[in-house]
Amino acid sequence: MQTKTSSLKTKFLKLAVPVALACAFAAAPTVAMAKDAPNASMVASQKITAEQQQVAGKIGKIQQELAAIRVKTLKANPQLITEMKAYETAFNNKVKAMGYQPEKLIKRAQEIQIEATKKDISNDKRTALIKEFTTIRTTLEKQQRSILNDPAISKQDKQVQDDVINAMKKQDSKTTDLLKQLDQLVMQFKK
């Protein structure tokens, strides 16, 4: 039994830190610009990009491990699913009450992800896509923050997160270490 992972909150959070997409965006313009630069600059630019891609890959692996632990945890603790669904309902009701329509923004962000990975895209077009994606991400982050400014939603959010993380730690002792590694890698990627 698995809770719906396509909730608006989950979508908000997935777009808040789009590491893989950021890596794809970072790679293409840097390499394209490096073609006109001296060899030393080109090697340095490609090295940074390769490091970012390596970090993004590690982040993805840890996220997969944590997701697997989360699934096991939810199967073993059905009360968490009930708690998460109640929170999701409250969050979605607040989204509607505030008049937000994140589905449209999320759909456009997904279209940008596909478009940006095409090889025949010009640097100008890629730059425009990066700018549009950044605007969407910023808008979603602002909307999420405004929703979480509601004390009841914020309290429920923290409670659900704490309960799931604590249950995951009980389910698998690697959870704490994986979370620490993930935090370190995300900070490393943002440098």
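Is K125 buried, partly exposed or exposed? I found K125 to be partly exposed, at 37% relative accessibility (buried is under 20% relative accessible area, exposed over 50%, partly exposed in between, with a 1.4 Å probe and protein chains only).

Basis. I worked on a predicted model, in which local features need pLDDT of at least 70 and side-chain atom pairs pLDDT 80 or more, while totals for chains, interfaces and linings use all residues. Residues are numbered from 1 along each chain as its sequence is written, and side-chain values use heavy atoms, without hydrogens and water.

Salt bridges. I noted eight salt bridges in the structure (a side-chain nitrogen of Lys or Arg within 4 Å of a carboxyl oxygen of Asp or Glu). K125 pairs with E115, with the closest N and O atoms 3.3 Å apart. K125 lies in helix α6 and E115 in helix α5 (residues 102-116), so this bridge ties together parts 10 residues apart in sequence (helices are DSSP runs of H or I, at least four residues, numbered from the N terminus). Shared partners join R108, E111, E115, K125 and E132 into one network. Within it I looked up R108 with E115, at 3.8 Å from N to O.

I then turned to D150 and K94, whose side chains form a salt bridge at 3.1 Å, N to O. D150 sits in the loop between α6 (123-148) and α7, and K94 in helix α4 (residues 78-97), 56 residues apart.

Helix packing. I recorded α7 (residues 151-171) against α8 (residues 175-190) at about 125 degrees, with axes 8 Å apart.

Technical notes. Axes are lines fitted to C-alpha atoms, for helices over the stretch in contact, and angles run from 0 to 180 degrees between N-to-C directions. Helices (H or I, at least four residues) and strands (E, at least two) are DSSP runs, numbered from the N terminus.
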